[in-house]
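Come along and check each entry against the picture.

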Amino acid sequence: MSAEADGRPWPWLPDGFTPAVRMGLSIAVAVGLYGISFGALAVTAGLDVWQACALSALMFTGGSQFAFIGVIGGGGTGAAAWAAATLLGVRNGIYGMQIKALLRPPARLIPVMAQFTIDESTATATAQDDHDERVRGFWTAGLGVYLLWNLFTLVGALAGDALGDPRQWGLDGAAVAAFLGLLWPRLRGRDPIAIAVVAAVVTALTLPLVPPGIPVLIAAAVTAAWWAIRRSGGTP
Amino acid sequence: MTLWNWLLLAVAAAYLIKLAGYLLPRAWLESPPITDLAAALTVGLLASLTVMNTLGNGQSVGFDSRLLALAAGAVALKLKAPYLVVVIAGAAAAALGRLAGLP
């Protein structure tokens, strides 16, 4: 992403496009395309095409959407899927605070901006140096990702429906790589790596012991306990 | 409750969390512990979901072609491949494993 932020990733775009718009558009295309994998994996997990599209249109936060279908696909309950998706969405609250501080939006726009407050729009806005560019970056990435993410979710859901046995096509392997790809860029520094290892081990150990979907929530609880111990000054 | 009910509840929760970032007092959300918790939860949940999708088989653990997908995804990420390529690498590895007769 940073490589795209500082050069001219798409030289064929009109010169009138500012760096923030260029960055927003290239992110929108890259992220939008993987809506195909979300759509296909959602129907593989047992959702219908409408449910896959409803998640992209209404929830519109990739990590939580993958969490929801990941728990359902693993045989978990709707309640466990709800909890995993909701906990994974907590970071969007932090993004909203950052965007509000950075863009100082008028109150009437806040209900709309909230829906477009995701990893990509926040990253594009915060990567810019002046106020107008931040605003352009937020909206270009937010709206661009929204349009393409929804379009390609539909394409993926229809394709996934037509594929037949998802295992034969390796779609369960695609889900594994998809989650690893979301996790990977966050593994910078000692604490995130330690948390990831602990969460992974806890999940593997509890998988055979509790109903599907619950290991994810146990891992979240262990992570929160880690945070509480760190906060009180300890070193777990 | 049906899957649709839980789906719509999750949609509502996702939106309310996004909105809360704009409406809750800044001093509360911006405090380092809350920022740390959000970052830690994201990492912990994604790591857990990765393992669950690799090994989970209902309420049991299964070692199959999904482990190849995990390895292929890691290699692609190490090579700084774009996200879509990472996902396709995972699918291809699992599909090839099955083609070779692995579970």
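**Entry 1: a pair of helices**

I began with two helices of chain A, H3 (residues 35-44) and H11 (residues 171-183), which pack at an angle of about 125° with their axes 10 Å apart. That angle makes H3(A) oblique to H11(A). I also noted that the crossing of H3(A) and H11(A) is left-handed. A reminder to myself: this is a predicted model.

Which residues meet here, between H3(A) and H11(A)? From H3(A) I listed A:Ser37, A:Ala40, A:Leu41 and A:Thr44; from H11(A) I listed A:Leu171, A:Ala174, A:Ala175 and A:Ala178. Sorted by class, this contact has six nonpolar residues, two polar and no charged. The spacing of such lists made me recall that an α-helix has 3.6 residues a turn, so residues three or four places apart point the same way.

Next I asked how many residues of H3(A) are buried. The count is 10 of the 10, so H3(A) is largely enclosed by the rest of the structure. Among these buried residues I find A:Gly35, A:Ile36, A:Phe38 and A:Val43.

**Entry 2: two domains in chain A**

I then looked up the domain assignment of chain A, which gives domain 1 (2-182) and domain 2 (189-236). Taken over C-alpha atoms, the centres of these two domains of chain A are 25 Å apart. Their contact takes 10 residues from domain 1 and six residues from domain 2. On the domain 1 side, helix H6 (residues 78-88) of chain A gives the most, with five residues. I sorted that side of domain 1 too: six residues are nonpolar, four are polar and none is charged.

**Entry 3: where the chains touch**

Last, I turned to the contact of chain A with chain B, which takes 81 residues from chain A and 68 residues from chain B. On the chain B side, the elements that give two or more residues are H1 (3-23), H2 (26-30), H3 (32-55), H4 (66-78) and H5 (83-99) of chain B. Which of them gives the largest share? I wrote down H3(B), with 21 residues. By class, the chain B side divides into 47 nonpolar, 15 polar and six charged residues.

How values were computed:
Residues are numbered from 1 along each chain as its sequence is written. Chains are lettered from A and ligands numbered from 1 in the order in which they are written. This is a predicted model: local features need pLDDT of at least 70, side-chain atom pairs count only at pLDDT 80 or more; totals for chains, interfaces and linings use all residues. Two residues are in contact if their C-beta atoms, placed from the backbone, lie within 7 Å. Helices (H or I, at least four residues) and strands (E, at least two) are DSSP runs, numbered from the N terminus. Ala, Val, Leu, Ile, Met, Phe, Trp, Tyr, Cys and Pro count as nonpolar, Asp, Glu, Lys and Arg as charged, and the others, Gly among them, as polar. Axes are lines fitted to C-alpha atoms, for helices over the stretch in contact, and angles run from 0 to 180 degrees between N-to-C directions. Angles under 35 degrees count as roughly parallel, over 145 as roughly antiparallel, 65 to 115 as roughly perpendicular and the rest as oblique. A crossing is left-handed if the near helix is turned anticlockwise from the far one by less than a right angle, and right-handed if clockwise. Domain bounds come from an automatic or database domain assignment. A residue is buried if 20 or more other C-beta atoms lie within 10 Å of its own, exposed if 12 or fewer, and partly exposed in between; C-beta atoms are placed from the backbone.
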